[in-house]
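Read them with the model open.

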Amino acid sequence: MRAFGAFQRSSLLLRRRRANNEPYALVPSGSFCTDNGFETTSNGSSRVNIFDRHLKRKQRDRAAWLTRPNDSFVDAVAENLLDRLEDCRKTFPTALCLGGSLEAVRRLLRGRGGIEKLIMMDTSYDMLKLCKDAQQDAHNDNIETCFVVGDEEFLPLKESSLDLAISCLGLHWTNDLPGAMIQCKLALKPDGLFLGAILGGETLKELRIACTVAQMEREGGISPRVSPLAQVRDAGNLLTRAGFTLPSVDVDQYTVKYNSALELIEHLRAMGETNALLQRNKILNRETALATAAIYDSMFAAEDGSIPATFQLL
């Protein structure tokens, strides 16, 4: 393999060995990432990276320790997504749940979809361990569950091996969202179902405004503090480009109230939703942070003193 003057991605994939029928083997993903945001794959092609996937894994490791039990917002998103299974007459014996709100999906499944085998996959070992430890309290005792450390951008699954793929609040952190959805489509059987929930472009619009104003006042310029997210008009195109048939896109908007901007940031950390841009400014000036909180409060605070945060779900 050529040397590209870059470091090899640290994540390993679980792939099925076909030659000697061994169940799984750990193999490198075969891609290299340079410091300038370009990734070179094993076939020599390159692509621009937006997110630092290594940092996102660390953030999810931290979120596994900070996660709130029965988070009302996360539970509402997961419940709304899983409710779609009740509209389907067919059953889905083999299902994959990737990244995002794994624990909430596992806990709220409650026998829906006729799932017999559930594969839970995440880049974070700690997040998977959290789900495994909580398995005893879940009402899914009849479901065979296995846990796999893997990356949504390089699914370690055979083609046409799944009946159902679920992603709740995870895919919006992938560098190649169309590619990740294409891989989900390939892993699904011809009559399989993909259910996904990602954050939309209107998410945290209040925080974006407050950050921009504070940075202009204190630093004379702006740097990205909130990641770019897909717009509503892009969602249908993504499904069509991935090759899905009968695509359907819904848009939901949640407004969550917090006591302060600091409480909002703590909640984002607990969900693993903090900034992971490659081209981010790694140092946040204290004065800028305080100014952001003050501007947020002055511009958006309600009469009761709480501040709202908008989350748009596609």
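## Rings and cavities

Q: In this predicted model, does Y296 count as buried or exposed?
A: The relative accessibility of Y296 is 1%. Buried means under 20%. Therefore Y296 counts as buried.

Q: Which residue forms an edge-to-face aromatic pair with Y296?
A: The ring centres lie 5.6 Å apart, with 70° between the planes. Both residues sit in helix α9 (residues 286-300), four residues apart, about one turn of the helix. The partner of Y296 is F300.

Q: How many aromatic pairs does the structure hold?
A: One of them is the edge-to-face pair of F51 and W173, at 5.1 Å centre to centre and 75° between the planes. Ring pairs also link F73, Y254 and F311 into a cluster. The total for the structure is five.

Q: How many residues apart are F51 and W173?
A: Both F51 and W173 are buried. F51 lies in the loop between β6 (46-48) and α1, and W173 in the loop between β10 (162-168) and α5 (177-187). The pair links distant parts of the chain, with a separation of 122 residues.

Q: Which residue lies over the face of W173?
A: W173 lines the largest cavity, and K56 is also in that lining. The distance to the ring centre of W173 is 3.6 Å. The residue over the face is K56.

Q: Which element gives the most to the lining of the largest cavity?
A: This cavity has a volume of about 80 Å³. Two elements, β7 (94-100) and α1 (53-66), each supply at least two lining residues. The top contributor, with three residues, is α1.

Methods. Residues numbered from 1 in each chain as written. Predicted model: local features only at pLDDT ≥ 70, side-chain atom pairs only at ≥ 80, totals over all residues. Heavy atoms only, no water. 1 Å grid on protein atoms, 1.4 Å probe; cavity = no way out; pocket = protein on both sides within 12 Å on 5 of 7 lines; lining within 4 Å. Points joined across faces, edges and corners; volume = space filled by probe spheres on them. Phe/Tyr/Trp six-rings, centres within 6.5 Å; stacked < 30°, edge-to-face > 60°. Buried < 20%, exposed > 50% of the residue type's maximum accessible area, 1.4 Å probe, protein only. Lys NZ or Arg CZ within 6 Å of the ring centre and 35° of its normal.
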